[in-house]
Amino acid sequence: QVQLVESGGGLVQAGGSLRLTCAASGRTFSIYDMGWFRQAPGKEREFVAAINWWSGGSTYYGDPVKGRFTISRDNAKNTVYLQMNSLKPEDTAVYYCASKGGGIATRREAYDYWGQGTQVTVSS
């Protein structure tokens with residue numbers, strides 16, 4: 001299996017920034033894509049961003065975060081980052097890192113392994 005550990009969450013004021021980190025271990029050779037999802041209270045888990053782990057490293061973003069969040073990778077460290085800028089109160093959620101093999105990178109059901117989540121709270 002793949003183990004994923006997120007870090008970097010916290011409390012930030014609206015307009016501020018946070019950088020989330022996801023460290024992968026285990027059977028990392030099986031990873032095709034890494035993604036970030038988030039879940040706010042009372043809402044379903046939604047897609048935030050994804051990046052191809054190998055090849056061209058194409059990125060994908062959910063509409064609510066386009067232009068504000070940036071996903072990046074460091075394959076040598078088996079690590080993915082999510083730089084979050086211009087944060088809004090509606091970004092408040094638990095953010096989850098996930099990995100997948102083949103499949104569509106923006107689809108939640110395509111992901112096999114998930115981290116424990118890290119809380120991001122944006123105050124107004």
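## Disulfide

The torsion about the S-S bond of cysteine 22 and cysteine 97 is about -75°, so this disulfide is left-handed. Cysteine 22 belongs to strand E3 and cysteine 97 to strand E9, so the bond ties together parts that lie 75 residues apart in sequence. The model is a predicted one, and in it the S to S distance between cysteine 22 and cysteine 97 is 1.9 Å. A search of the whole structure returns one disulfide.

## Nonpolar cores

In soluble globular proteins, nonpolar side chains tend to be buried together. The largest nonpolar core in this model holds 27 residues. Within this core, the residues with the most contacts are Met34, Trp36, Val48, Phe69, Leu82, Met84 and Tyr95. Strands that give two or more residues to the core include E1 (2–7), E3 (18–26), E4 (33–39) and E5 (46–52). Also on that list are E7 (69–74), E8 (79–84), E9 (93–100) and E11 (118–123). Strand E3 gives the most, with four residues.

Leaving aside residues up to four places away in sequence, leucine 82 touches Leu18, Arg19, Leu20, Trp36, Val48, Ala49, Phe69, Thr70, Ile71 and Tyr95.

Strands of a sheet pair through backbone hydrogen bonds, either parallel or antiparallel. Here an open sheet of four strands runs in the order E1-E3-E8-E7, and its pairing is antiparallel. E1 and E7 are the edge strands, each pairing on one side only. From one strand to the next, the twist averages 20°.

The pairing of E7 with E8 is antiparallel and extends over six bridges. Serine 72 stands opposite tyrosine 81, a residue of E8.

## Aromatic pairs

The count of aromatic pairs comes to five. One of them joins tyrosine 32 and tryptophan 54 in an edge-to-face arrangement, with 4.8 Å centre to centre and 85° between the planes. This pair links distant parts of the chain, 22 residues apart: tyrosine 32 sits in the loop between E3 and E4, and tryptophan 54 in the loop between E5 and strand E6 (59–61). Tyrosine 32 counts as partly exposed because its relative accessibility is 38%. Tryptophan 54 is partly exposed as well, at a relative accessible area of 45%.

Phenylalanine 37 and tyrosine 111 make another edge-to-face pair, at 5.1 Å centre to centre and 80° between the planes. Phenylalanine 37 lies in strand E4 and tyrosine 111 in strand E10 (residues 111–114), so this pair ties together parts that are 74 residues apart in sequence. Phenylalanine 37 is buried, with a relative accessible area of 1%. Tyrosine 111 is buried too, and its relative accessible area is 5%. Phe37 and Tyr111 also form one aromatic cluster with Phe47 and Trp114.

Terms used
Residues are numbered from 1 along each chain as its sequence is written. This is a predicted model: local features need pLDDT of at least 70, side-chain atom pairs count only at pLDDT 80 or more; totals for chains, interfaces and linings use all residues. Side-chain values use heavy atoms; hydrogens and water are left out. A nonpolar core is a set of buried Ala, Val, Leu, Ile, Met, Phe, Trp, Tyr and Cys residues joined through side-chain atoms within 4.5 Å. Buried means under 20% relative accessible area, exposed over 50%, partly exposed in between (1.4 Å probe, protein chains only). Contact means heavy atoms within 4.5 Å. Two strands pair if DSSP finds at least two bridges between them. Axes are lines fitted to C-alpha atoms, for helices over the stretch in contact, and angles run from 0 to 180 degrees between N-to-C directions. A disulfide is a pair of cysteine sulfur atoms within 2.5 Å. Rings of Phe, Tyr and Trp (its six-membered ring) pair if their centres lie within 6.5 Å; planes under 30 degrees apart count as stacked, over 60 as edge-to-face and the rest as tilted.
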